[in-house]
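This report describes selected features of the model displayed below.

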Amino acid sequence: MVKLFSSYHNKLIFLILVLSLIPIIIITSYLYIDKISTQEKILKDEMISSSENGANNVGMWIEERKNNIQSIANNQEIITATKQLLDPNIGNEELFAARLSLEKQLNIAFHNYNWLDEIIINNPKTGYVIFYTGITPPKISFNDEKYFQDAIAKKIGMSDIYASAEIIKNEYGKYEQGVPTLLISVPIAGEVGLEGVLSARVNVFKMDTKASISSKFTSIDGFLINSDGYFISKPAFVKEALDSNLMAKRAELELRANGLNSKEFHAYQESDNHGTVWNVNGFNNYVGNFVIGSVTSVKGTNWSYVTQINKDDAYSDIHKLQIMLLSSIGLIVAVICMTSILFANNLLNPIKELTKTMENAIDENGVINLIKNFDSSINENNEISKLYVTFSRLMNITKKSIQNLKLAENKFRTLYDEMPDLCRTINDEGVILDCNKVYARSLGYSREEIIGTSIFDHVDKSHLAAIHDSFETWKKTGLVTNREIWLKRKDGSIFPALISATNLYDENGKRIGSNSVIKDMTETYSAKKELEDLYNENPDLLSTVNPEGIVLNCNKTHAAILGYTREELIGKSIFNYVADKSIENAMSLFSSFIANGKIRDNEIWIKKRDGSNFPCLISANGRFDENGKLTEGVFTIKDISDLYNTRKILHEKEKQITISEEKAKNSRLIAIGETASRLGHDLRNPLSIIMNTFAILKLKSKNVVLDESILKKYDIIERAISRMSHQIEDVLDFVRIKPLELGSHSLVEIIKGLSDKITKPVNVKINLPQNDLKITCDSKKLEIVFINIITNAVQAMGDKGEITIKITDDKDNSCISIENSGPGIPDEILSKIFDPLFTTKQTGTGLGLVSSKNIVEQHGGSITVKNNPTTFTILLPMNPTENSEVRINPHIGDEPYNIQLMRYYEEALAQAARNYAFTGDKKWEQRYRILEPASDKLLKKAIKNADKKDKAFFLVMDKANHDLVEIETAALELVNNGQASKAVKILESNEYERQRKILRDGLAEQANAIESNELNQTSQ
């Protein structure tokens, strides 16, 4: 403070500034705070109003929906029909009428309310669904749901918005799983009690959640979130979230509203989940924008309505106001400061000129005289007394400089002597001028013995050339860095060191010598030796390879196992020692290593000197220079011959287990067949009596006028007899094996002869083939094949559709394709429809299609099926020999059966992994461990034998199979570690199902492509 006011100039400027700036600052600060506060209050009121209006709109929308749904449930016809559905004594006709009445009333509701997507009616006692309007039935019971229990208590219950487990219509009109869903449940109250519970699925996309605020804000965003902070309505910037990969399909239930989980934003939940919270400090929202926001809870829900605006957008007017006010204040302050400085300078210029004159006249005699002349004013704090102060300061500075120079010299000497590294100072001839204690002690001399000797006297003979080169380099460049030199001690022993040197200059800037710092590398070299010993004695095969694949070094184990010496291996390509069958894989792995700098446990086969091969796992880690460039890599090779032999043994055991299972399965089928044959023959005679008796009864009643209900019962009896007869024939066709009665027959005539043997609705049309073929076949047995396939097609299409039959041929085979316009066979059962006893019909035997397959194969042919449209394709030889082998189409590796086998392995592996997760039974893990190598071997063989186009397909299948195996083996390890619940979770994850779908769809697509190619060749 004394220094600040020691000058008249400073005193004057300070006084003027205080008198003018203080009132200006007080006034402008008050105006600034008042204006900013007003603008912030306006912004806060707008934001809060927006979120409260949004919350009120949503709340009213929900209340209206509840009232609408309650009015539907209060419909007397719906109450009556629900009561009838739950009546255990109701007849079929009354039950049908009740359902019809419900459908009629609910259709009116759907017409009146466009936000209504689906209605479900449940039994209030059990929670089971008794009526629904959706395309798929909901889950079995609603009893565990809170909104259902609210309805039981005669209140209106509402679920939270959740992702649908079933496939329903999304916001774009397409059907998918995981659509945001809201259910509202209301009681269906009768006169004497609760008749049922009506649950309505509300289209949440119909809610109006747009934010209402001044249009000047371009970044306004309004949306709903649930209690976990996830979106339940679409925000404004959903496209940015999609582009940033923050979500896959939609924001609802998938994207989290960032910044809304803080204590500040959930403070309103502490007051009964009501109220509005305002955040003016700002936070990063879901797309990373810095925003401010207002949150209001929605009445009657655990939702919140959020209004957000980018902070820069919201505060743009305030920022403009701030800039204007601050600019005004700054301008006023600048004017006052300039005025003060000009005034003070003009006032004190004479005094400054006097001071300047005195300072320029400093010499020994002049200063002394001036000080004496102005002696009377020396004690005053003004510009004149500064003359004395300046001279005194000069003298003090000179004294301090000398003291500091001595102090610096002492510090340098101490640092030099106590430095842990070896230090020495030399001249231009290499003579040592000085050294520290460590240098003298390390070489075994005293400092006096060292000083005056040459640096070349203390170097091992083998490194004299290196020290001369280092010395000359320093003389030319003035710098040496980390040169390796071996120094010699007084006792003759040597040790490694790194030397660095810099120039030493005199007071005129002339170089007079060098200061050198030397690091003793004895410990480093010892550690390096230990690492080299560890490398050489490692039980695994180790080799160091450059980026060109040339061996730079290898350990003893590597050379010994391959049958070479280390000298024979070093300098050679690593591919010289790879087995022929692994060359392509090894090159691919090396390319991956060059790109990524590492390899992890990949299997290849290595070739020894004697020509024998062995399997191994190869891993590699790269080494990089300071610029990140790969310089070399250390490859580790583990011999897995024992593991490989164990795998072969397990594979053989798996084959034995499979054969045993097939034998057991065949034995059971034979026993079932014999029993079914006896039952079929025993039932045939009584059924024939019933058929004849019923025919006589119908004949006698032909001329009698019968009631309509009796005629309907006649039709029911006749259909039941026909169905029983058909089922018995299916069983007998499957179990009886008769020799073929071959003859030359027209395929069209056989198909035309089926018209009176197939029952079909009037609106089902059968299009007969345009051309005909005569082939050698058993016409009766082919009739069975065509009847089974066409009957299944009729049942699949229902009351309306078309069946198209086509016949083509090539030189040796005929092709019959039967196509129908039905909905198709589900993918998950497509591969099982030819399995014995497999059926999806309540009255089916599961033997029709397997019997058809047996008949076709007995002719030496084959039968396949595909979807889109559903088409059964039968290939028959023109002149078959009974029991001849089925013709195999030449394709991938001459084994199109690979595709079926891959599908089997995929299903079997998934089943084994899941069964082990659910049961913990070790036999399932054993089965998985046996099947997985077989599946992998099959894919590798297909890749190897396929042509270029099909190889690309099988590589994709191999990648999907590899990803599935990683997930499944991880699940097995979790079960082994006692974490079965986590194993179940990952085996039911979306990623696992996605990979399975890739594999299944790919196999189906390839099978269809094979079949299409064959059909085209056949037609040509």
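## The five-stranded sheet

Five strands form an open sheet with mixed pairing, in the order β24-β26-β27-β29-β28. Strands (E, at least two residues) and helices (H or I, at least four residues) are DSSP runs numbered from the N terminus, and two strands pair if DSSP finds at least two bridges between them. The edge positions belong to β24 (764-767) and β28 (862-866); each has a single partner strand, so one side of each is left without a neighbour in the sheet. From one strand to the next, the twist averages 15°.

This is a predicted model, in which local features need pLDDT of at least 70 and side-chain atom pairs count only at pLDDT 80 or more, while totals for chains, interfaces and linings use all residues. Residues are numbered from 1 along each chain as its sequence is written, and side-chain values use heavy atoms, with hydrogens and water left out.

## Pairing of β26 and β27

Strands β26 (residues 801-809) and β27 (residues 813-820) run antiparallel and are joined by seven bridges. K806 has S817 in β27 as its bridge partner.

## Helices on the sheet

Helix α20 (residues 779-797) lies across β24, β26, β27, β28 and β29 (870-877), at about 145° to β26. Axes are lines fitted to C-alpha atoms, for helices over the stretch in contact, and angles run from 0 to 180 degrees between N-to-C directions. Helix α22 (residues 848-858) also packs on the sheet, touching β28 and β29 (contact: heavy atoms within 4.5 Å); its direction makes about 25° with that of β29.

## Surroundings of S641

S641 lies in helix α17 (residues 641-700). Leaving aside residues up to four places away in sequence, S641 touches F614 and P615. The side chains of S641 and D639 are joined by a polar contact of 2.6 Å. Such a contact is a pair of N or O atoms within 3.5 Å; within protein, one must be able to donate a hydrogen and the other to accept it, and residues adjacent in sequence count only if both atoms are side-chain atoms.
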